[in-house]
Amino acid sequence: MVESVIERITRGHFWDFHGGIHPPEQKMLTASKPIKQLALPKQLIIPLQQHIGREGDLLVKIGDKVLKGQALTLSTNPMVVPIHAPTSGTISAIQMSVIAHPSGLSQLCVFLDVDGADTWRKKTVCADIEQLSNSEIIEKIADAGIAGMGGAGFPTHIKVNSKPDINFLIINGAECEPYITADDLLMMEQSNAIVDGIKILDKLLTPAFILIAIEDNKPKAIKALQQASAAIEKIKVCVVPTKYPAGGEKQLIQILTGQEVPSGRLPIHTGIVMQNIATCFAINDAVRHDIPLIRRVVTVTGQALNKPQNVWALLGTPINFLLQQCAVQAIENEQQPVIMGGPMMGFSVSSELVPIVKTSNCILVPSKTEMPSAFEKESKEVECIRCGQCSDVCPSQLLPQELQWSAKAKDYPQLEKLNLSDCIDCGACAYVCPSQIPLVHYYRIAKAEIRQQQQLDLKAEKAKTRFEARKLRLEKEKTARQEKQKKAAAARKAAMNKATPEATDAKSAVAAALARVKAKKAAKSQSSTAEAQNNLAQSNELATEATNPIDEQKTQVAAAIARAKAKRILKQEAANKPISSNEPVKQTVTELLEVSQPPSNDDKKVKIAAAIAKAKAKKLSKAADAVQSVYRPESTEAEKTVTLTDKKAKIAAAVAKAKAKKKTKEARNLAGTVKNNDQDSG
Amino acid sequence: MAFWIASSPHNHNQTKTPNLMRLVIYATLPGILAQWYFFGWGNLIHIGIAMITALVCEFTVLSLRKKPIAHELLDGSALLTALLLGICLPALAPWWISVIGTIFAIVIVKQLYGGLGHNPFNPAMAGYVMLLVSFPLQMTLWQPPLSLVAVDLNFTNTLTTILTGFTVEGYSVEQVRNTLDGITMATPLDTLKTNINQGLTVLESLNNPVFGDNFALGWEWINAGFLLGGLFLIFKKAIAWQTPVSFLISLFICSFIGYSMSPDSSASTMFHWFSGATMLGAFFILTDPVTGATSTKGRIIVGLLAGLLVYLIRTAGGYPDGIAFAILLCNMSAPLIDQYTRPRTYGHLKGDK
Amino acid sequence: MNILLAILVLGSIAAIFGALLGYASIRFKVDADPIVEQLDALLPQTQCGQCGYPGCKPYAQAVADGEAINKCAPGGEDTIKKIADLMGVEVQPLDESHVQGDTTASNRPKVAFIIEEDCIGCTKCIQACPVDAIIGAAKQMHTIIIDECTGCDLCVAPCPVDCIEMRELPDTIHNWQWDLTSIPVKQLD
C-alpha cells in the first residue's frame with residue numbers, strides 16, 4: 001500500500017479532498033523580500049505557556065539577570081514545554097499580561113528588560129548527531145522548548161517519541177493560508193538546515209518515506225528543497241495543488257496518501273507523523289547548535305503597512321514593535337483590525353502588547369479596501385437560504401447549514417450527531433456564505449459550550465458519588481454509634497442484674513453519679529440561660545462584678561432576664577415604628593456603651609466583655625437601621641471595634657460576630673413580620 | 001487607531017444573497033423575451049402587477065413583524081417570486097388573479113412560515129397551485145400564440161383585457177382566444193391531453209396549429225430561452241447543476257419509456273422537454289435552494305422524483321401540466337431526502353454517521 | 001342469527017387482537033431506566049437541598065412521585081425544561097421560593113471561599129457540606145477544595161463567623177466561551 005502511494009506521488013498524482021476554496025493569496029506582498037533581522041526591542045514579554053499543555057515552574061525571580069538561551073521555566077511533566085530568555089537582560093516583572101489568544105485574557109508572563117549585549121549562555125555544539133542516542137536527542141528537543149510551530153503548538157518531543165512503525169513522515173510546507181509566507185521564505189533561505197532537521201527526525205522515527213508537501217505557488221521553495229534533499233532517496237518533495245485548506249493536517253494526509261484520519265484519533269494511529277517546516281528548522285538548531293526555540297520567522301503583512309515583510313522575531317516581542325518596524329500607516333478615526341495568524345483562521349488581538357509566541361506565524365494588518373469584511377462593525381448576517389455552498393466547500397464534508405441551525409437552537413445532541421467535533425474551524429464555509437453568516441463563530445461557541453457541559457456532567461457525576469459516599473459514611477457512623485451504646489447498655493444491665501453486694505454498691509454508685517450529673521446539668525443550664533439571654537446584660541454584670549464580686553449568680557440571672565425583656569420591648573417598638581424608633585434604640589446603645597466602659601478594673605475579662613458589648617451595640621444600631629432601610633447581612637464593624645490582639649479577644653470577637661449575625665437575622669425576621677402585618681392590615 | 005475584534009475568518013468573498021437573486025432574475029430574461037415575442041404583453045403585465053403586489057405585501061408583513069424593512073424588502077426574493085408567478089400565469093387572466101396569487105405566495109407561504117429561508121414550499125408554485133385549484137376557469141384562459149390570434153393584441157388591448165375582460169374594440173376574452181378558424185385554443189399540452197382522451201393519436205393531434213412546426217408553437221422557444229438562462233446560472237455557479245440535469249434526464253427516460261411502449265398515445269421526449277413549464281421548472285423553480293434538498297445526492301434524488309411526477313401528472317393526472325404539483329410534492333419530501341442523504345463526514349466510516 | 005354472527009365475528013376479532021396486544025406487551029417490553037434514575041441524571045447534583053429535599057436523588061424520587069418540577073434553583077430553566085420533556089408535562093417557571101441567596105447576581109458558576117484568617121475551626125461547615133469538599137479539623141483552619149465544590153451555598157449559613165463567601169470562578173482561557181463583545185480593546189498610537 002505504501003509503495004502504491006509512493007508510485008502515485010512520483011508520477012505527480014495526488015488525491016483530492018472535498019471542498020476547499022481559493023481566496024486571494026496576497027503572498028506577493030512579502031514573498032519576494034528576504035527575512036529581515038530586527039534590532040533588539042527594549043522589552044520582551046514572554047508568556048509562561050505558549051503551547052498546548054501546562055505552564056512550567058518558574059526558575060527565575062524579579063531582578064535576576066539572564067543570558068540569552070537560559071531556561072526560564074522547568075519542565076516537570078511531559079506536557080510542559082520550557083521557555084527560554086530570547087536575549088540577555090534583567091527580569092523586571094513577572095505578572096499577568098494579555099497573551100496571544102482570541103479571548104484577550106491575561107496569563108502569567110515574564111517581563112525581560114533587554115540589556116542590548118545579547119550575551120549567550122554556554123553552548124555545547126554537537127558536531128555529529130550520529131553519536132547521540134535517540135533519547136538524548138529527544139531530551140535536547142524537550143529542553144529546547146520546541147512545540148509545533150504551525151499553529152496548534154503540540155509539544156514536539158511527545159510527537160517524535162512514538163511507536164516504531166511509521167509509514168510516512170510528512171513535512172508540512174503547504175502554507176495554505178493567504179498572506180503568510182514565513183515557511184516559504186524559511187524554505188528558500190534555510191533549505192539545508194531544514195533538511196538537516198528532517199534527517200534528525202528520520203533518525204528518531206525511522207519512517208518508510210518522508211514527504212515534503214509544498215503548494216505549487218511556491219516555486220522557489222520547491223526548487224531549494226529539491227536541491228537540498230536530492231541526495232536522500234527517502235525524501236520526496238510533493239508539489240500539491242494550491243487550495244485552501246490543503247495545509248490542514250487531515251487534509252494534507254488525504255491529499256498525499258488518500259487515507260483519512262479516523263474521527264477522534266491522531267494521525268500517528270494510521271502510521272503518519274506530520275511536522276511543520278519551521279519545527280524542523282528549530283529541531284536542527286536545538287540538536288546541532290544547542291539553540292533553544294527563542295525566535296521564529298513572522299510574516300508582518302497587509303496593505304495597511306508600508307513595508308510588509310518577513311522578520312526574525314524574538315519570542316516575546318510585542319506586536320507594536322513589529323508594526324513600527326514595518327511602518328504601519330495611521331488610519332484616522334477607524335478601528336483597525338490586527339490579526340495574529342492568517343485571514344482565515346487567525347484571531348484579532350486586543351492589545352498592542354500581545355507578544356509573539358512559538359505558534360505565531362503572521363501579523364496581518366489589512367487595509368479597508370483589501371478586506372472590507374474584517375472592518376464590519378455589525379454582522380451583516382441575513383437568513384440562511386440553504387444554498388448549500390458551505391457544504392460544497394467544507395473539507396470535512398459536514399453540513400454547515402444544518403449545524404448552524406442546531407447551534408443557534410443550542411441543540412447539542414443534534415450537533416454531535418452532525419459531527420460538529422470534526423469541524424476544523426477552517427472558515428471556508430463562512431468565507432463563501434452569501435448570507436454572510438459567521439458560521440465558524442457559531443460553531444466555536446457551541447463547541448465551547450459542549451465542552452463545558454461535558455465538564456459539568458463530569459463534575460455532577462463526581463459530586464454525586466461523593467454525596468453517596470458521604471451518606472454511606474454517615475450511616476455507618478450512626479449504626480456504629482448505636483451499636484456501641486447498645487453494648488454499653490447491655491453491659492450495664494448485666495452488671496446491675498447481678499444480685500451481689502458489689503452490684504448494689506454499683507447501683508447506688510450509678511444513682512449517685514446520675515444525681516451528680518443532674519445537679520451539674522441544672523447548674524449549667526442556669527448559667528447557659530443567663531448567657532443565652534443576653535450578652536449585654538452579662539457585660540453589665542461583669543462590670544458590676546468587678547466592683548462587687550460577691551454578688552450572687554441568681555440575681556445576675558434575674559437582672560439579665562429583666563434587661564433582655566426590656567431590650568426586646570425596645571426592639572419591638574423599634575420594629576413597629578420604624579421611623580421614630582431610632583431614638584430609644586440609640587439611647588439604649590449609648591447607655592450600653594456607657595455601661596461597657598470599665599469602671600476601674602483593668603481585668604482582661606472586663607475588656608473582652610467591653611469589646612463584645614461594643615460590637616453588640618453597633619450591631620443593634622445597625623439592626624435598627626436595617627429595619628428602616630435595607631438589610632445588610634454581614635458586618636465588619638463589630639470586627640473593627642475589637643482591636644485586642646489577644647487570642648481570647650479574637651474568640652470573643654468571633655462570638656460577637658456570631659451573635660451579631662443572629663441579631664440581624666432576628667431583626668430581619670421581625671421586619672418580615674412587621675411587613676406581613678402591614679400587608680394584612682392593608 | 002484602535003483595535004477591532006472579530007471572529008475568523010476575517011475575509012469573505014463578498015457574495016450576497018441579493019446579488020444571487022438578481023442574477024436569477026436576469027437569467028429569466030431570454031425566456032421572458034421569447035414569451036413576449038410569441039404571446040405578447042400579457043405575461044409582462046402580470047409580472048408587473050405581481051411585483052408591485054409582492055413589494056406591498058412584503059413591506060406590510062415585515063413592518064408587522066418588526067423586521068429590518070429596507071434590508072429584506074430589497075433582497076430580491078419577493079421580486080423573484082412575483083416574477084416566476086407572473087411568467088406562469090395565463091397571459092389573459094384577469095388582473096386580480098396575479099394579485100391574489102402573489103398575496104398568497106408572499107404572505108402565507110413565505111412570511112407566515114418565517115420569511116426568507118424558512119418556507120417549506122416554493123411560494124410561486126404554491127401560489128400558482130392555489131390559483132389553479134381555486135380559479136380553474138380563469139387559470140385556463142390560455143392565449144394562443146400571436147400568429148394564431150385574430151384580434152390585434154397590442155399592449156393597450158392586452159392591458160384592457162386583463163383589467164376589464166374586454167379589448168378596446170370590445171372583444172371578450174373568449175373571442176380573443178379564438179383562432180383565425182374560430183376554434184378556442186388551449187396550450188399544446190392541454191390540447192394533446194384532450195385529443196388523446198377523445199381517442200385521437202398523437203400524430204393526428206399534431207396537425208393542430210397550436211403545435212407549430214416542431215413540438216409546440218412558441219412554447220419551444222420559451223423553453224429554449226429558459227434553458228439558456230439556466231445554463232448561464234449553472235455557469236455562474238448560482239444554482240446546482242444536479243437538480244435540473246437529473247430532472248431532465250428523469251423526464252426524458254419516463255417519456256421515452258412511455259413513447260416506446262405506445263407511440264400513438266404518448267408524446268415524444270422532446271415534446272415533454274420543450275413544452276409547458278419544463279425548463280422554467282428545471283432551472284428556476286426546482287433549484288430554489290430554500291425548498292430543495294441541500295446535499296448533492298439529495299438534489300439528484302429530488303430531480304429524479306420531480307421528473308417522474310411531472311410525467312405521471314401530465315399523462316395520467318387531471319391537469320395538463322404537472323410542474324407545479326410535482327415541485328410542491330418534492331418540496332414536501334426534501335427534508336426527508338436530506339435526512340437520508342447526509343454525506344459521510346471526513347474520518348467517519350460509511351455506517352456511522 | 002345475523003346479530004349472533006356479527007357478535008361472534010366482532011368478538012373473535014377483539015379476542016384475537018387483545019391476545020396479540022397482550023403478547024406484544026410482554027414480548028417487546030422495553031426495559032427503560034427507572035424514571036428516578038433518569039431524573040437524577042438531569043439534576044445538577046449540587047446536593048444543595050434548596051428544593052426542600054436532602055439531595056438531588058430524593059428530589060428526583062419526589063418528582064417521580066408527582067412533586068412539582070420547578071424547584072431546582074441551581075439547574076434553572078434548562079433543567080426544568082429537560083424534566084418537563086422527560087415527564088411529559090408543561091414547562092413551569094422556576095419556583096422563586098426555592099431560591100436561596102442573591103438571585104440578581106450573575107449566572108456564572110460560583111464556589112465557596114473561606115476567609116482563612118477569620119476561620120475559628122468550628123467544623124460546622126464541614127458537617128454541612130454535602131460533598132465533603134471542605135477540609136479541616138476542630139480548631140484548625142478549614143479550606144475548600146475548589147474542584148469538588150458544587151457551589152451549593154449550604155456551608156455559608158452555618159458558619160458562626162461569616163467567613164465563607166461565594167465567589168465567582170474567574171474567566172480563564174480554558175473556560176472562555178468566545179464572548180468577543182466582552183474583550184476590552186486598547187488604543188494603539
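Q: Hi! Quick one to start: which residue in E7(A) is the bridge partner of A:Val98?
A: The partner of A:Val98 in E7(A) is A:Ser106. Before we go on, this is a predicted model, where local features need pLDDT of at least 70 and side-chain atom pairs count only at pLDDT 80 or more, while totals for chains, interfaces and linings use all residues. Residues are numbered from 1 along each chain as its sequence is written, with chains lettered from A and ligands numbered from 1 in the order in which they are written.

Q: Thanks. How many bridges join E6 and E7 of chain A?
A: Nine bridges join strand E6 (residues 89-98) and strand E7 (residues 106-114) of chain A, and they pair in the antiparallel sense. Helices (H or I, at least four residues) and strands (E, at least two) are DSSP runs, numbered from the N terminus. Two strands pair if DSSP finds at least two bridges between them.

Q: And what is the order of the strands in that open sheet?
A: Four strands of chain A make up the open sheet, in the order E2-E7-E6-E4, with antiparallel pairing. E2 (43-47) and E4 (65-66) stand at the edges with a single partner strand each, so one side of each has no neighbour in the sheet.

Q: How many bridges does E2(A) share with E7(A)?
A: Five, again in the antiparallel sense. As one spot to look at, A:Pro47 stands opposite A:Cys109 in E7(A).

Q: Why is E2(A) described as largely enclosed?
A: Four of its five residues are buried, so E2(A) is largely enclosed by the rest of the structure. Buried here is a neighbour count: 20 or more other C-beta atoms within 10 Å of the residue's own, against 12 or fewer for exposed and anything in between for partly exposed, with C-beta atoms placed from the backbone.

Q: New topic: which residues touch the most other members in the largest nonpolar core?
A: Those are A:Ile170, A:Leu211 and A:Ala213, in a core of 144 residues. A nonpolar core is a set of buried Ala, Val, Leu, Ile, Met, Phe, Trp, Tyr and Cys residues joined through C-beta atoms within 7 Å. Helix H9 (residues 277-289) of chain A gives the largest share of this core, eight residues. Domain 1 (2-325) and domain 2 (378-497) of chain A both contribute residues, so the core lies between them. Domain bounds come from an automatic or database domain assignment.

Q: What does A:Leu211 touch?
A: Leaving out residues up to four places away in sequence, A:Leu211 touches A:Ile9, A:Phe168, A:Ile170, A:Ile171, A:Lys236, A:Cys238 and A:Leu256. Contact means that the C-beta atoms of two residues, placed from the backbone, lie within 7 Å. Apart from this core lies another one, of 97 residues, including B:Trp219 and B:Ala334.

Q: Speaking of chain B, how many of its residues are in contact with chain A?
A: There are 33 on the chain B side, in contact with 52 residues of chain A. Strand E1 (2-3) and helix H1 (17-27) of chain B each supply at least two residues of that side. By class, the chain B side has 14 nonpolar, 15 polar and four charged residues. Ala, Val, Leu, Ile, Met, Phe, Trp, Tyr, Cys and Pro count as nonpolar, Asp, Glu, Lys and Arg as charged, and the others, Gly among them, as polar.

Q: What about inside chain B: how is it divided?
A: Chain B has domain 1 (16-185) and domain 2 (187-339), with their C-alpha centres 20 Å apart. Their contact takes 33 residues from domain 1 and 28 residues from domain 2. On the domain 1 side, H2(B) gives the largest share, eight residues. That side has 26 nonpolar, seven polar and no charged residues.

Q: Is A:Gln309 buried or exposed?
A: A:Gln309 counts as buried, because it has 21 C-beta neighbours inside 10 Å. This residue is in strand E13 (residues 309-314) of chain A. Among its contacts are A:Thr30 and A:Cys326.

Q: Last one: how many helices and strands are in chain C?
A: Chain C has five helices and four strands, in the pattern α-α-α-α-β-α-β-β-β along the sequence. Of its 189 residues, 26% count as buried. Chain C is assigned domain 1 (35-98) and domain 2 (110-168), and 26 Å separate their centres, taken over C-alpha atoms. Six residues from domain 1 and seven residues from domain 2 make the contact between them.
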